[in-house]
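Good morning, colleagues. Please look at the chain on the screen while I describe a few of its features.

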Amino acid sequence: MTIQELPFDLYVQILEQLTPFTDSDESIIGLISCLKASTSLRTAASVSRLWEPHYRVRYTICDPAKEQSRKQSTGGDWRLMYLERRRIDLETLDILFKIVTERDHGRLERAREVNTMFSFDAWNALEIAANYPLPETFREPGAPEQRPVPPHAVPIRFWAQMLLGAIARSDAVRTWGELISNDTPQAFELSFACVSSFFVYPPMKVLSQLEELTALCKAYFIEHQIPLDPAEFTSDTGKLRFVCTSICDFLWSYGFEAADGQRFHMLQNRFPHLFLTTHKATIPISLVYVFVCIARKMGVTAAPVDFPTRVLAVVSSPDPDVSEFFVDVFGSRTQAILTLHDDIPHFLTQAGITATSMLHGISPASSTSMLVRASRNVLASVYNFPAGAVPEVVLHTAFYASLVVNVIFMNNHRYLLNIMKHINWFLLDLLPVLVDSLTPLLNTHLQEQLTTHCKAIMEDEKEAAATSHPRSALTREVKFFVGMVFKHAAHGYVGYVYGWDPSCAAAEDWIHEMGVNSLSRGRHQPFYHALTQSGSSRYVAEDNIRTTCLEPADVRRIFVDAPGAGRYFEDLTQVDGRARFLLSPELNAAYPDDEAFGDQWLKQGED
């Protein structure tokens, strides 16, 4: 039977009905299948505009320079651009899978490879991998999940998130490095947005949110008949002040406000991706950042001021007859506009600022000074934050971001040493962030220090990757196993074992400080490396290990509260008050007998 060809335009119209997806290839497979069909259908499926909506939905993040080059090399053909990005996806996912399954083949070097070759072009593929469906054990009851769980889904999610972090943080460090020689007022918006990069939130998302806020602000102005044309308000002092006050009013109407009491000290209101969304009750510097970004987009010449008591904004006009004034965004519910003559001297006097040093307190601030001030705010919050108020990974991430800012702009070795103490939380950052991006920005002395530290960590990683712990080689019994869930006999916390030593392998100082020799079996007993439910690491004597299991609610929060668990474990089995994790490829290689040992322990129920 002969199948009659349809008209070309009808084929195109049919293919236009394919729905774009962010995390599914269903429609694209349809298009690609058409490329392999009859001449008419192949020609229709090659039409560039058919691929554009799929490209825009799937690829929301890119490396701007690489994207421009891609457009030039393909002549702007969306099909060719999509196929090129898909090639990058496949290469990225192949490297990711090797990071998960082949620790002994250069995990750190592979992270550098992804960052160097693809940077933000790898973002969307990694983001999909970081959100692969979890095994049913870890899902909310009744939560629908149509997607199949891929092999090693949990460690893939973990390492994909680590790669995303390395990409974002490397970009942030390079962006901040440019401020050293080129700190322009225009750099403020992007450089401050990069603080959120440390939380795996790319700066282009922050910039997009600011654009959306500006569009809402303009709509607010139109609704309230407030001047929008800079030519109308920049040459009139009263109108310019009214516009600035109205921007503050818009922010308050949209949920932004001055944080008070305990909210003022919350860590979350220091980071753009949070104070733009869930923590709009925030501190002065955050409110000034939002105000300045919106004001500039609306034609107002505004800048932050590193004022001693709280950050202000300064507004000026190209018209010499219009005097500059200050905006107290944080206090704008009481008084938004402050003048140099009437208000600022009083504020400076209250802060103990002398007339000779007054100029610094009222001059437009550099992006560098705002970043340093923001980082000091974060450090103050981290040091004074109540234990358990936020997950440990959040504290470490905030601390890391602030330390990096201070190392870049203050060149202080104490900050560098603290970074190295925390780098195991961000292992894949070692080469792309610390070696490739941060080291070139430092003075010679700090470069040598950082290089030495990084080489030592790389050697440790190589040694760990090459080391195996078969039980057949043991001369002393190790009663428990990697993957066991336990309760600490003395302190009561729940932990997850991810390593063991036949006897205590800690330094003498730690053994003395922790009173190890006072235990019934002292140091000459197995010790276990463990993660607590909050994500912190512990080194636990076998004497203190007690069998336990997890409540369903705790199971579902494992990878939220202790994301590091995703590096080591894949699933969880619980039987009669006992529990063990199934091991990731990394732990199966390091402890080749423990999977079977743990399975036998679970069946026998022996303590």
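This is a predicted model: local features need pLDDT of at least 70, side-chain atom pairs count only at pLDDT 80 or more; totals for chains, interfaces and linings use all residues.

Is Leu-10 buried, partly exposed or exposed? Leu-10 is partly exposed, because its relative accessible area is 34%, and the terms run as follows: buried means under 20% relative accessible area, exposed over 50%, and partly exposed in between, with a 1.4 Å probe and protein chains only.

Residues are numbered from 1 along each chain as its sequence is written, and side-chain values use heavy atoms, with hydrogens and water left out.

Let me stay with Leu-10. This residue belongs to helix 1, residues 8–15; helices here are DSSP runs of H or I with at least four residues, strands are runs of E with at least two, and both are numbered from the N terminus. Together with Leu-6 and Ile-14, Leu-10 makes a nonpolar surface patch of about 230 Å². Such a patch joins nonpolar side chains (Val, Leu, Ile, Met, Phe, Trp, Tyr) within 5 Å, from residues with over 30% relative accessible area and no salt bridge, the latter being a side-chain nitrogen of Lys or Arg within 4 Å of a carboxyl oxygen of Asp or Glu. Areas come from the Shrake-Rupley method with a 1.4 Å probe.

Beyond its neighbours within four places in sequence, His-54 is in contact with residues including Leu-18, Pro-20, Ile-28 and Tyr-82, where contact means heavy atoms within 4.5 Å.

Five strands form an open sheet in the order 10-9-8-7-11, with antiparallel pairing; two strands pair if DSSP finds at least two bridges between them. Its edges are strand 10 (537–541) and strand 11 (545–547), each pairing on one side only. Strand 9, residues 527–532, pairs with strand 10 over 5 bridges in the antiparallel sense, and Tyr-528 has Val-540 of strand 10 as its bridge partner.

Finally, the whole chain. It holds 28 helices and 13 strands, and its C-alpha trace spans about 85 × 85 × 50 Å along the principal axes. Of the 607 residues, 51% are buried. The accessible surface comes to about 27,500 Å², with 53% belonging to carbon and sulfur atoms.

Terms used. Patches are made of residues with over 30% relative accessible area and no salt bridge: like charges are joined within 9 Å, nonpolar side chains (Val, Leu, Ile, Met, Phe, Trp, Tyr) within 5 Å.
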